[in-house]
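Let's take a walk through this one, a stop at a time. Have the sequence and the 3D view open side by side as you read.

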Amino acid sequence: MLFSRMLIPTLKEDPSEAEADSHKLLLRAGMMRKLTAGIYNYLPVGLRALRKVENIVREEMNRAGAQEVLMPAVQPAELWQESGRWNVYGKELLRFKDRHGRDYCFGPTHEEVITDLVRREVQSYRQLPLNLYQIQVKFRDEIRPRFGLIRGREFIMKDAYSFHTDEAEAEAGYQAMYDAYNRIFTRCGLKFKTVEADTGPIGGSYSHEFMVLADTGEDLLASCTACDYAANLEKAEVILPANNPAVPAATGPEAVHTPNVRTVEEVAAFLKVTPQEIVKTLIYETDKGPVAVLIRGDHEVNEVKVRNLLGVTDLILAGPARVEELTGAEVGFAGAVGLNIPIYADQAAAALGSMVTGANRTGYHLVGVAPQRDFAMAQAADLRTVTQNDPCPRCGGALDILRGIEVGHVFKLGLKYSKALKAVYLDADGAEQFIFMGCYGIGVSRIVAAAIEQGHDKDGIIWPMALAPFQAAVIPISVNEAAVVDAALRVHEELEAQGVEVLLDDRDERPGVKFKDCDLLGIPLRVVVGPKTLAQAAAEVRHRRKKDTAIIPLDDLIPHLKERISRELHG
């Protein structure tokens, strides 16, 4: 490929619209351009990287026995209403009407469509197990699209769905996809962790996320330093130390005047107590009515855990007027004593023998409050976010809190969709049985961004060899010297003949400009042909990641480059 014939509109400066490093570099390297918020055009070089990811995903899915299909992006509302998700999924679901007034959505995911397909085509246990996948454009109307391809509205995703006769077969299918995902991300050259995760709006009994480790990652995960436990912070379990039971305060609650003292820090300083002795009372509105959640002053509530415990879809922190209506006090003075709504306590708060809470009276707090003696709890459970000070819930070891970018998610769906859409098969006895399902997603376009977040420096992108749009670049120092140009062309042609993906920078530009663009594009191997090296019948080879430079004889150049490419691709 000739640089001069390609659309590669590189930029010298970071675009003002870009925040994340991957967003800046994809724009600067001329790999994509914004159409509108969260929606991008892929330019030729960016598309080459994207296709590399697709090919790896496709090869490993096929190897695992999955079959590729392609489903419509536009989906009828009837299917989503049948599954019960039409009014549940939220505003991220792009809904619209056709000319006849019928409701549709642009698919953010395809559980309903694939289940409808299978219920029509699969009748017998002899047709199972079955795994179908596609690589397709999705749309989720993010309230705040940001970071380019990391959180866009339109994105490219691989989604797969497996269908099984029973739970044991579904478990085997889940494990096959779990293993395939590990191979995919390893082949992509990524540093990643597999973590336990919440199932979210997809549903199902359990799931795992695949996180690319990056300092700029939006997701937080807890990872044990002593064992292989890792979980998304939304899912990470908290275990209580085995302490002696707390002794309740000897006397009943005492009201203390605390004027204009609302926050945990203010209450702790005013009453000369620690945040661990204070319990926050948070009032939430849910689709089952208002509830109170108690959390220790030094902890943060985990709303995903609360939502899962209550089995609700909506969980919204009540506004000041609603708090005052339910508690009789302004925000900052709510407490459990005398509260007439269900009270759910985090296990650490429930374990306190004596606590400080709001008094449900503006300007007052209660000291010496004892759980169960002074107020009843509907339930105590793990309702808080894990911290680095908590022990590993599996082995008791130390936890690290890391940042990551979610690039894959596997779900064990069970019967959630097959029951809702009545997807059944006939067993060996001719009896109808519901089909067990699994669901497996990979953010194909997000992998491109995650690889850059993990691999870049001040000069540009540092691609893993497997994802690089070109494996090598050939740069003639001067396009005005025939011998140099002829030698560069021969190297370029020989590399192409050997199946190497190579870019020849044939532009009439200064060497420094070419070197900068080569580094910006992240091409792993740079081959420089100039008068000095040509006089030695050699070329200069520089490795983008390792930054090592070597003078290689022209006779040995092609084998040398092929060996380095093969070593990085296959280890």
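How many bridges join strand 18 to strand 19, and do they run parallel or antiparallel? There are 3 bridges between strand 18 and strand 19 (residues 364–369), and the two strands run antiparallel. Keep in mind throughout that this is a predicted model.

Zoom out a bit and you'll see an open sheet of 3 strands, in the order 13-19-18, with antiparallel pairing. Strand 13 (254–257) and strand 18 (355–358) are at the edges with a single partner strand each, so one side of each has no neighbour in the sheet. From one strand to the next, the twist averages 30 degrees. As a reminder, strands of a sheet pair through backbone hydrogen bonds, either parallel or antiparallel.

**Strands 4, 5 and 6**

Next, look at strand 6 (residues 103–106), which pairs antiparallel with strand 4 (residues 74–76). Strand 6 also runs antiparallel to strand 5 (residues 94–97). Here are the pairings discussed so far, side by side:

| Strand pair | Bridges | Facing residues |
|---|---|---|
| strand 4 and strand 6 | 3 bridges | P76 and Y104 |
| strand 5 and strand 6 | 4 bridges | R95 and C105 |

Strand 5 and strand 6 form a hairpin with 5 residues between the strands. In that hairpin, G101 takes a positive phi near 85 degrees.

**Helix 1 against helix 11**

Now for some helix packing. Helix 1 (residues 21–28) and helix 11 (residues 444–454) pack at about 105 degrees, and their axes are 8 Å apart. That angle makes helix 1 roughly perpendicular to helix 11. On the helix 1 side, the contact uses D21, S22, H23, L25 and L26, which meet V448, A449, I452 and E453 in helix 11. Sorted by class, the contact has 5 nonpolar, 2 polar and 2 charged residues.

Is helix 11 mostly covered or mostly uncovered? Mostly covered: 10 of its 11 residues are buried. The buried ones include R446 and E453, along with V444, I447 and I452.

D116 is in helix 4 (residues 111–121). With a relative accessible area of 11%, D116 falls under the 20% cut-off and therefore counts as buried. What does its side chain pair with? The D116 side chain makes a polar contact of 3.0 Å with the side chain of R120. On helices in general, an α-helix has 3.6 residues a turn, so residues three or four places apart point the same way. Leaving out residues up to four places away in sequence, D116 touches L79 and L421.

F163, in strand 8 (residues 154–164), is buried too, at 1% relative accessibility. Which residues is F163 in contact with, leaving aside neighbours within four places in sequence? Among them are I114, T115 and V118, then L128, P129 and L130, and also I435, F436 and M437. E169 is another contact of F163. For a sense of scale, the C-alpha atoms of F163 and H560 are separated by 47 Å, with the two residues 397 apart along the chain.

Definitions and conventions: Residues numbered from 1 in each chain as written. Predicted model: local features only at pLDDT ≥ 70, side-chain atom pairs only at ≥ 80, totals over all residues. Heavy atoms only, no water. Axes fitted to C-alpha atoms, helices over the stretch in contact; angles between N-to-C directions. Parallel < 35°, antiparallel > 145°, perpendicular 65-115°, else oblique. Contact = heavy atoms within 4.5 Å. Nonpolar A, V, L, I, M, F, W, Y, C, P; charged D, E, K, R; others polar. Buried < 20%, exposed > 50% of the residue type's maximum accessible area, 1.4 Å probe, protein only. Pairing = 2+ DSSP bridges. Polar contact = N/O pair within 3.5 Å; in protein donor to acceptor, adjacent residues only side chain to side chain.
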